[in-house]
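These are my notebook entries on a single chain. I set out what I looked up, entry by entry.

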Amino acid sequence: MLANNQEHSTSTAHAMGDTARGMLRVLALGDVCGEAGVKTITRAMPILRESYKPDLVVVNIENIGDGGRGVTRESFQAVQDIGIDVFSTGNHIWDFETDLSLFEEDERLLRPINYANKLPGKGSHIVTTSKGIRVGVINVQGLHHMASIGNPFDAIEQELIRMKDDVDLVVVDCHAELAEEKAALAFAFDGKISALWGTHTHIPTADERILPQGTGLLSDLGICGGVDGVIGFDGATSLDHAITHLPRRNEIVKKGRLVASGALFSIDITTARCVAIDPVALDVSFRSVS
Ligand SMILES: [Fe+2]
Ligand SMILES: [Fe+2]
């Protein structure tokens, strides 16, 4: 069943940044992974806001809880006041550690729209930026090597119809395993959405491109967290699991570099076409929090 009877929520973006009129700058950052991820995003956000002056910031936090599991109240509070406008998620939002009451308290926290309607949370949010542009943010999840939930093509199509009178443009966080599925979704809605970026793999891809009708595509933003383990987790634990196939509780990587990965999508406000995609990879290993 598609999430077609959900109400989308609205809020106003942080009135920060001083960008040129006519261009909307959307900063999207990949999965914030565990304790290292919180440290990374906390250090990175002030620097990224100053450097890129985004009009809208969307960050995927499905792994922000300790150990990379779900969204705990404590971890969510840690990223409340650092300039993030919308929090997207994915399959890990349903980990036991997630505090589901957060959905009732903060409509900026999304879960993929194509999960069952009866589950908590919403899959889209509308932000009115400081320039008065109404941006619809949709969070959707792929099907390949993922849970058998609602069809993501149908879910986006229905949500675009439902949003059309309330938004000036739409961007999509597609939480999926396969680059081909993410690209197919972007092509399906080329010209109808301004950008589609991928999350979930924790590995940034270098395939940014603008499709013929103006939709910006990047298959995966990568990770915000430790990059010297295995997709944000301790290498030894991951290796042991890979060799033995015995269950192992993942541990967040504790040593090495901390990197905030994602991309800046520049969108022409008049046409809603993406005109530039700039990859972001900020190493904050040696910067102080303050
Ligand atoms: Fe993830
Ligand atoms: Fe995921």
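I take helices (H or I, at least four residues) and strands (E, at least two) as DSSP runs, numbered from the N terminus. The model is predicted, so I required pLDDT of at least 70 for local features and 80 or more for side-chain atom pairs, while totals for chains, interfaces and linings use all residues. Residues are numbered from 1 along each chain as its sequence is written, and chains are lettered from A and ligands numbered from 1 in the order in which they are written.

Entry on Lys255. I located Lys255 in the loop between α6 (235–244) and β13. Is Lys255 buried or exposed? Lys255 is exposed because 10 other C-beta atoms lie within 10 Å; the limits are 12 or fewer for exposed, 20 or more for buried, and partly exposed in between, with C-beta atoms placed from the backbone. I found 14 Å between the C-alpha atoms of Lys255 and Cys33, which are 222 residues apart along the chain.

Entry on α1. Among the buried residues of α1 are Thr40, Ile41, Ala44 and Leu48.

Entry on Ala260. Beyond its neighbours within four places in sequence, Ala260 contacts residues including Thr40, Ile41, Ala44 and Leu48 (C-beta atoms, placed from the backbone, within 7 Å).

Methods
Two residues are in contact if their C-beta atoms, placed from the backbone, lie within 7 Å.
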